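Please keep the structure open beside them and look up each element as it comes.

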Amino acid sequence: MHRPTALGGALTALATAAAGVLVAAAVSATPAAAAVGGTGTGYLHTSGNKIVDSTGATVRLTGINWFGMETDNKTFHGLWSSNPWRGQLDKMASLGYNTLRIPYSNDALKPGATASGINDFVNPDLVGLSPLQILDKVIDYAGGKGMRVILDRHRPTAAGQSPLWYTSTVSEATWINDWKMLAQRYAGNPTVIGADLHNEPHAEGTNPAATGACWGCGDTARDWRLAAERAGNAILGVQPNWLIFVEGVSCPSGGLSNVWDGDTSNDEDCGWWGGNLTKAKDFPVRLNVANRLVYSPHEYATSVYRQTWFDAPDYPANLPAIWDKYWGYLHKQNIAPIMMGEFGSTLADPKDKVWLENLMAYTGTGVTGMSFTYWSWNPNSGDTGGIALDDWTNINTTKQAILQPYLIPPVGGGGPSPTPTSPGPTPTTPAPTGGCTASYKQVNAWQGGFQGELTVKNTGTAAMNPWSVTWAWPSGVTLASGWNATVTQSGTTVTAAAPDWSRSLAAGASVTIGFTANGAASAPGTVKLNGTAC
């Protein structure tokens, strides 16, 4: 869901509310199979109500949505900011988000599709790339951090969300064929773990003249359960290792009740767009490959729509029963895993903070809790705001503090422990007990500037806490931006100080500092780690 404040869209809401948004994802080289821990090893599958890895170990996806690929920009929002795209992924991983849900529209997949809204000074390596090529780079980098990626077909076109999985201009065949293309593109890359088939199917038209998505009604033109089977099985025919994420509907009939007739006795029990899975037990999604189905409801707060239950006299004690009814029973009865694909709030209403705290508690703690991807990283989601603030660098600490105890960082993400601990004594920097090594890679260069990565390894016998790297540049070379550290320049000396989220550099560990600079391409000289020359 989301309404980007500047660039269009809307999304999750009750049948009476508004539309949707999405982002795309892709990847190529670095497999998540090498990662052990946060997101497991190899491809994932299901066992009862759990998601497990190739060894059978339980995995909890604790992720975030990064949207934009479903909009007119056809690529991730925030690429216009001063924070490079890698820096944003670094921050997500460091905060503990181990999965990216990436919305996209079919427009972004068309031959000749062009990405826009990119700051080419900050992200020169994205200049001239297609939306899919940018997706490849994001997937590759995220995989290297141990993160997983879920692709979300958010909209048929960039114009907006649709109640059905097809429209007059985007056919079911296009929907399925594009999914098969993506499955083939990322086959063999276990960073990409699955397909969220269509975002927020929902009701349209007034009953008995329903024209929206139903569940279990048997009408092949409107029955979302049957459509999910057709698309899911087509994808599994190409890539049998993927998980198939299936959202709910809003009203199982696919139509809205007549609110003007004064008769509420026959009015249907509806919920959020994509959030009503009440019929999934009686009419389950049937896939040709066993242990691949994950149900993925959406759940929102009053900042999106003021549902009746928010004003109940027993609020918030009434919430668990509501969640049980719409989707939680699937987890509690061991029918299938739940991966809550979207939930979020501005927290502007005091009730919303209570809602979010109770919702997170409902999902459970530790690795056996329900999986989720928070909406959203983007600050420009009109309905919810984001974890990132408007500079796309600093974060909303109030939201993050509520989510933090439930996050399981990816291996390699450098994130904090999922269980908060009391602060210890102020760390001190031990005397050097060995040394360091440094290696440099020039990533890109253009007229008047270049991009590089400096990797420094602590070869000593003790951790550096906090760590700091310095180097020298020739006169005329100036820093433009940096990531993975707080990078500053004074004269010809550049200092990369440890960020708050990764202050310690263990013995034998390495840190890679990325930067862009103005001037003639130059390798860092006289590199030092905490004053010791490398």
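1. Two strands are said to pair if DSSP finds at least two bridges between them, where strands (E, at least two residues) and helices (H or I, at least four) are DSSP runs numbered from the N terminus. This is a predicted model, in which local features need pLDDT of at least 70 and side-chain atom pairs count only at pLDDT 80 or more, while totals for chains, interfaces and linings use all residues. Residues are numbered from 1 along each chain as its sequence is written, and side-chain values use heavy atoms, with hydrogens and water left out.

2. An open sheet is formed by three strands in the order E1-E2-E3, with antiparallel pairing. Strand E1 (45–47) and strand E3 (58–59) stand at the edges with a single partner strand each, so one side of each is left without a neighbour in the sheet. E1 and strand E2 (residues 50–52) run antiparallel and are joined by three bridges, and Ser47 has Lys50 in E2 as its bridge partner.

3. Strand E6 (residues 148–155) is mostly covered, since eight of its eight residues are buried, where buried means under 20% relative accessible area, exposed over 50% and partly exposed in between, for a 1.4 Å probe and protein chains only. E6 pairs in the parallel sense with strand E5 (residues 99–105) over seven bridges, and Thr99 stands opposite Arg148 in E6. E6 also pairs in the parallel sense with strand E7 (residues 192–196), over four bridges, and there the bridge partner of Leu151 is Ala195. From E6 the chain crosses through helix H3 (residues 172–185) to E7, and this β-α-β crossover is right-handed; that term applies if, with the strands pointing away from the viewer, the path from the first strand over the helix to the second runs clockwise. E5, helix H2 (residues 131–144) and E6 likewise make a right-handed β-α-β unit.

4. Which residues of H3 are buried? They are Trp175, Ile176, Asp178, Trp179, Leu182 and Ala183. Seen down the axis of H3, these buried residues fall within an arc of 160°, so they line one face of the helix; the arc is that of the directions from the helix axis to the C-beta atoms. Among the elements that cover them are E5, H2, E6, E7 and helix H4 (224–238), where contact means heavy atoms within 4.5 Å.

5. In a regular strand the side chains alternate between the two faces of the sheet. Strand E19 (residues 493–497) has a covered face with Val494 and Ala496, and an uncovered face with Thr493, Thr495 and Ala497. Five bridges join E19 to strand E16 (residues 468–472), and these two strands run antiparallel. Strand E18 (residues 486–490) also pairs with E19 in the antiparallel sense, over five bridges, and in their hairpin, which has two residues between the strands, Gly491 takes a positive phi near 65°.

6. The structure holds 26 aromatic pairs; rings of Phe, Tyr and Trp (its six-membered ring) pair if their centres lie within 6.5 Å, and planes under 30 degrees apart count as stacked, over 60 as edge-to-face and the rest as tilted. The rings of Trp66 and Phe76 have centres 4.6 Å apart and planes at 40°, so this pair is tilted, and both Trp66 and Phe76 are buried. Phe343 and Phe372 form an edge-to-face pair, 5.6 Å centre to centre with 85° between the planes. Phe343 lies in strand E12 (residues 342–344) and Phe372 in strand E13 (residues 371–374), so the pair ties together parts that are 29 residues apart in sequence.
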